[in-house]
Amino acid sequence: MRKIILLFLLLFISTASYAETPEAKGLRIAREADRRDSGFGDSSAQLTMILMYQPAGKDSKPKTSIRKIRSKILEVRGDGDKSISIFNEPYDVKGTAMLTYSHKIGNDDQWLYLPAIKRVKRISSANKSGAFMGSEFAFEDISSQEVEKYTYRFIKEEKCNSYDCYLIERVPAYKYSGYRRQLLWLDKKEYRAIKLEFYDRKNDLLKTQTFSKYKKHLNKYWRAHEMLMVNHQNNRSTKLIWGNFKFRNGYSNRHFSRNGLKNAR
């Protein structure tokens with residue numbers, strides 16, 4: 001009898017020692033999501049950015065501003081992705097181009113070309129929490145979301161927009177983030193982002209981003225064709241409508257050079 005009890009205790013201790021912690025589970029889920037989206041090579045897309053806000057006044061109607069953008073992304077082995085966004089419309093922002101070198105460790109490198117002054121401006125790491133081109137997306141939001149940029153903690157499983165989801169908390173591990181933490185809902189089947197909540201440095205809810213109208217490309221890679229970012233503190237929102245995705249265009253580092261930013265097409 002004593003041997004049976006001893007065996008049970010040893011089994012219990014062994015099982016407990018290998019129990020997955022919330023931090024380990026959160027990291028494992030994040031890594032699986034990243035693994036499923038790796039290997040696409042490069043991509044391009046066209047998108048419409050719709051800025052929406054409610055002017056002061058009881059009878060004021062909601063205002064909108066529409067911008068047309070082209071986007072290119074290059075997957076970089078061993079580091080974060082490189083991306084460039086080029087504004088086509090309206091006329092006052094036409095030719096504006098944003099170049100981002102995301103990194104797994106350390107701060108990202110970002111440059112903004114402003115055609116009005118014909119100058120390439122480097123975005124300081126201390127200013128990554130600033131608004132990107134007047135939208136509710138911050139500069140840090142448009143960088144690739146590398147796993148190494150955050151620490152993770154699994155919270156629970158729950159429904160989110162009709163999906164069975166994992167809810168994990170992630171905390172920025174890089175300097176100068178505008179966020180104290182984020183809550184991310186990933187669907188359990190495909191590990192796609194469904195909803196993302198951003199909490200400011202005071203830990204108050206700042207923004208919510210939702211992802212919808214997913215389509216699968218190359219029979220493997222899911223892309224949300226619509227994203228909505230709602231700012232709960234200023235009652236403004238920005239919608240991104242994506243289309244015309246193309247993959248494996250043959251891009252290389254020369255298509256994402258700072259020197260070529262002024263002539264980006």
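Which residues do ring pairs link into a cluster? They are F40, Y221, W242, F245 and F247.

This is a predicted model, in which local features need pLDDT of at least 70, side-chain atom pairs count only at pLDDT 80 or more, and totals for chains, interfaces and linings use all residues. Residues are numbered from 1 along each chain as its sequence is written, and side-chain values use heavy atoms, with hydrogens and water left out.

**Aromatic pairs**

A search of the whole structure finds 14 aromatic pairs. Rings of Phe, Tyr and Trp (its six-membered ring) pair if their centres lie within 6.5 Å; planes under 30 degrees apart count as stacked, over 60 as edge-to-face and the rest as tilted.

One of the pairs is F40 with F247. It is edge-to-face, at 6.4 Å centre to centre and 85 degrees between the planes. F40 sits in the loop between α2 (22-36) and β1 (42-53), and F247 in strand β13 (residues 237-247), so this pair ties together parts that are 207 residues apart in sequence. Helices (H or I, at least four residues) and strands (E, at least two) are DSSP runs, numbered from the N terminus.

Are F40 and F247 buried or exposed? F40 is buried, at 4% relative accessible area. F247 is buried too, at 14%. Buried means under 20% relative accessible area, exposed over 50%, and partly exposed in between (1.4 Å probe, protein chains only).

Y179 and F198 form a tilted pair, 4.8 Å centre to centre with 45 degrees between the planes. Y179 belongs to strand β9 (residues 179-187) and F198 to strand β10 (residues 193-200), so the pair ties together parts that are 19 residues apart in sequence. Y179 is buried at 7%, and F198 is buried at 2%.

**Charges over rings**

A charge sits over a ring if NZ of Lys or CZ of Arg is within 6 Å of the ring centre and within 35 degrees of the ring normal.

| Charged residue | Ring | Distance from ring centre |
|---|---|---|
| R170 | Y150 | 4.2 Å |
| R192 | W222 | 4.3 Å |

**Backbone features**

The peptide bond from E89 to P90 is cis, with omega near -5 degrees. P90 lies in the loop between β3 (82-89) and β4 (97-101).

N161 is a residue other than glycine with a positive phi, near 50 degrees. Its place is the loop between β7 (150-160) and β8 (163-172). N161 is partly exposed, at 48% relative accessible area.

N244 also has a positive phi, near 55 degrees. This residue is found in strand β13. N244 is partly exposed, at 43%.
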